[in-house]
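This report describes the chain as a whole and then turns to two local sites.

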Amino acid sequence: MPEPTKKADETEAETAPPPEQNKPEEDGNAPNQVWSMGDGPQEEGDKQDNSQKSLLFVEKPKGGTISVGQNITFIAKVEAQDLLRKPTVKWFKGKWMDLASKVGKHLQLKETFERQTKMYTFEMQIIKAKENYAGNYRCEVTYKDKVDSCSFDLEVHETSSAPSIDIRSAFKRSGEGQEDAGELDFSGLLKRREVKQQEPEEPDVDVWEILKSASPNDYEKIAFQYGITDLRGMLKRLKRTRREEKKSAAFAKILDPAYQVDKGGRVRFSVELADPTVELKWYRNGQEIRPSGKYIFEHKGNERILFVNNCMLTDDARYHVTAGDEKCSTELFVREPPVIVTKGLEDTNAYIGDKIELSVEVSEDDANVKWFKNGVELPLDSKSRYKVKVEGKKHTLIIEEGTKADNATYSVMTTGGQSSCKLKVDLRPLKILHPLEDQTVRLGKELSLKCEISENVEGKWYKNGQLLQPSDRIKIYHKGRIHRLIVDKSLIEDDGEYMFVPDAYNVNIPCKVHIIDPPKIHLDGLGDGNTVTVVAGTKLRLEIPVSGEPAPKIMWSRGDKWLMDPAARIRADNYPDSSCLVIDSAERDDSGVYRIMLKNEAGEDTAHINIKVVDIPDPPAAPNVVDVGEDWCIMNWEPPAYDGGSPILGYYIERKKKQSSRWMRLNFDLIKETTFEPKKMIEGVAYEVRVFAVNAIGTSKPSEPSKPFVPLAVTSPPTCLAVDSVTDTTVTMKWRPPDQIGAAGLDGYIIEYCFEGTEEWIVANPELTDKTKFTITGLPTGSKIFVRVKAVNAAGPSEPRMHPQPILVKEVIEPPKIRLPRHLKQTYVRRVGEAVNLVIPFQGRPRPKVSWKKNGAHVDKNQINIRNSENDTIIFIRKAERIHSGKYDMKVKVDNLVDRATIEIQIVDRPGPPQIVKIADVWGENVALEWQPPKDDGNANITGYTIQKADKKSMEWFTVIEHYHRTSATITELIIGNEYFFRIFAENMCGLSEDATRTTESAVIAKDGKVYKNPVYEDFNFNEPPMFTQPLVNTYAVSGYNATLNCSVRGNPKPKITWMKNKIVIMNDPRYRMFGNQGVCTLEIRKPSPFDGGTYTCKAVNSLGEAEVECKLEVKVTQ
């Protein structure tokens, strides 16, 4: 079957499949076979580009056409060179029908593997086909993650005589630079057709007219019947022609859809114009045609004619003519005259291996000629063994080396004739030029057999009647008439009778091969020095491979003693190809050198084997702890006295608390040294440690535990060491405790000093002091000393903290300086009853004297508490009174040096009420008030007034003005006919006065002659039916997590709320909880499942009506 149709602008070069593929078979004589011409145009989407490189297929199955009752075989090949295992192949019909389940009478599946070419061959054979077997098939091969697939078609027709074919109507397009350029193609007519005598030519058939009038369902049948290969190209042109068949206003008569002309002939194109004055232009493949000797234009009335003379294949194209804005088009097909055979093929006899030539002569130079073997077209590509030589009109088929398979009927076909002949290839008489010779080969050496015969033919090698196949060890070579068999590293099994049998000849060439082998001991698996190590207490079974032909005698000895007793603890077990030394429950004394000796008629061999019995090492001695720290210690130990016969690889260390019995491993990687530093211990807790020794055999028993030890750490150095004071003979130092004290606690401090210029440190306190301040006494005046302090605990003294500068032993006068806090630089205000606590720091040396005065007089210490220290002074008043207000003067004095500071203290209280309040005037709805400020302002400025009014009837007071700053005000918007009293409060920073001053008289708001009528108000009706102000919304919930549905409703009387799921009321279900608060309704669904999904409804009902809302809940299950 030809490959699928390619693009119209590509030259098609179709070749018939090789003979071994798609070979129709049937019992008896097979009728003429015609292959399918390809897919119809309706299957444009099923195109396959076979030019693309296949992933796995080396050769793909190709489609074919057979008649009912015939057989056909489809073949697929996969190369196995890069595959580690056999690929998987499946055959399908259509897209999904697996044919493996249909194997039987009419379907057989077969697979083979050729070792020489490393090629897998998969065959599908259809036997006695039926009409319903037709259709599309697919072969799919899979290997690991690679998949390759190939589709092919099978057509099955009823048995009938082959119809006559119009070869002139089979056209295809070729590359002329235009889509519609073309040339004749006879490959579709020649493929898969049996060679027969040339018959008289049938009348011409216009396939173009047949396709135009046929149904699209019959296109493929017509293509098959008339041998059309470029069916898709013709249908494209047909479709384009049909589109153009429409009425034209410019043309009274348009061009015919298509024209045919013989090569070298003349064609006439004619159109008739409706308006003869319209300008007319002719085009070929879109290029305007100019008058010339080839193209002639004629005018006859309204008729316009174009003649094309001497038509060539290049004139096969699309033509169109334009008249104004309109055009009409047509297709021109140029037919080439048939090529006939002028000198036919002749029957030929040849020998195998000869060069064979079959020649034929045709009527035209370089004509298209097809060669067939037994009716099957020969492949003539570069990989084919068939070559064709063309010399003008002579065509020669060349077979370089003839074989038996070349016996066949060969035929040649042209477009106008055919010829055939028979080729017979026979064998030449065979002569043995050099026979095989008997050989004796030493075991392991190369075995080489060689013979020479008179003919260059293949052959087979046999050993003891069994066919030999090539392998990594067995190599078979054939070069010309010489055949060689080479066996690398011969084995005992290679001993026997060998024979070479040439193919196609009843001749065999025999010889005998004898393999000999002296005894040998194979110690390749043993270590250096043939040493074998065995663990004490285990069983040793040492197997030593031996070889020799015949089987040698084996003997073992240890020193001068032969191991002959088969029941002893140390014994030897002998076998034809090995000997085994057995030691039951090995002991340390079994170590030593053992000898093995082999002997046979071809020689002897001896070897010495060193047996070494190893054991776990002895435990090390108890470790010693040489140093301890806060959470660590340093330990060491001695190696064990006996290492077990294997070097010590390292040690494991364990520790435990003294009061515990649980040991803890400290290292999981072996320690090579004999010292170790355990860490992360608890300070103050007693520990013990022990050691294990490890060699290649295992771990020793533990050593004895070390003596108990307690991790302790000294404290960190004291902090913030500073000079507190200096006199002429003393220095007072102060510091703070260490940042880290540890479990050992803190016992005290040691203070040391040394004079400048010396390195001798003198302890200032013979006994530890637990204070953080110490005075060093007895120092000479004017000397300079360095001071340091150490913290001491049970682990010893800490690192010292040293004062960075030398200290001069001499009292220094420092002028007094008062450091008044910022908030005291302004008036210090407090309310009556609050506490006053002022701290004023100062500096000066020696200790300054502090004195206080209030308003120029000494402070009464019975009313105010004053406490002085070296660095500050404190004024404290437990409960402040207004008499404590005033200006306080502070004086700090050192000798004749003085510093002063002043503090103003203001104690405030709420003010008294305003003085006289009177009604100044009344008019309309307004009253004017006037008053005087209070006598007592509370020792603070008045910040405002608050005015209240009261109706005389109720005497309930209401505030009308707040924080009012003036002493007169106008009260407005009073009710006509009422009588009012007014009162006023004074206000300062402490608040309103406790009392208010009230007007002695009342203010009457006169009616002014108008009668006031109270308005009548109707009661508002608050009742309304239920209405949802916030509806439910569709919700997604996660399975296992609580979900809530919310909405809000209003109504009066308060509506009754009912919840429903899928229109079913939810009642007494513990999985649901319902809430209602201020009109917000909530339904909680506890840990919902997919079953809880659905439509939920909230319904509200009262006496005036009802309302409801709903939503959908979907519950998703987490993956």
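## Overall composition

Helices, of at least four residues, and strands, of at least two, are taken here as DSSP runs and numbered from the N terminus. On that basis, the protein chain of this predicted model contains 4 helices and 88 strands.

The protein chain has 1119 residues, of which 40% count as buried, and this chain exposes about 63,400 Å², with carbon and sulfur atoms supplying 48% of that area. When contacts between residues at least 6 apart in sequence are considered, 64% of them join residues that are at least 24 apart.

Ile296 lies in strand β17, which covers residues 295-300. Buried means under 20% relative accessible area and exposed means over 50%, with partly exposed in between; Ile296 has a relative accessibility of 31% and therefore counts as partly exposed.

Once the neighbours within four places in sequence are set aside, the contacts of Ile296 are with Ile305, Leu306, Phe307 and Asn309.

Is Lys817 buried, partly exposed or exposed? Its relative accessibility is 43%, so Lys817 counts as partly exposed.

Key: Residues numbered from 1 in each chain as written. Predicted model: local features only at pLDDT ≥ 70, side-chain atom pairs only at ≥ 80, totals over all residues. Heavy atoms only, no water. Buried < 20%, exposed > 50% of the residue type's maximum accessible area, 1.4 Å probe, protein only. Contact = heavy atoms within 4.5 Å. Areas by Shrake-Rupley, 256 points an atom, 1.4 Å probe, with all protein chains shown as cover.
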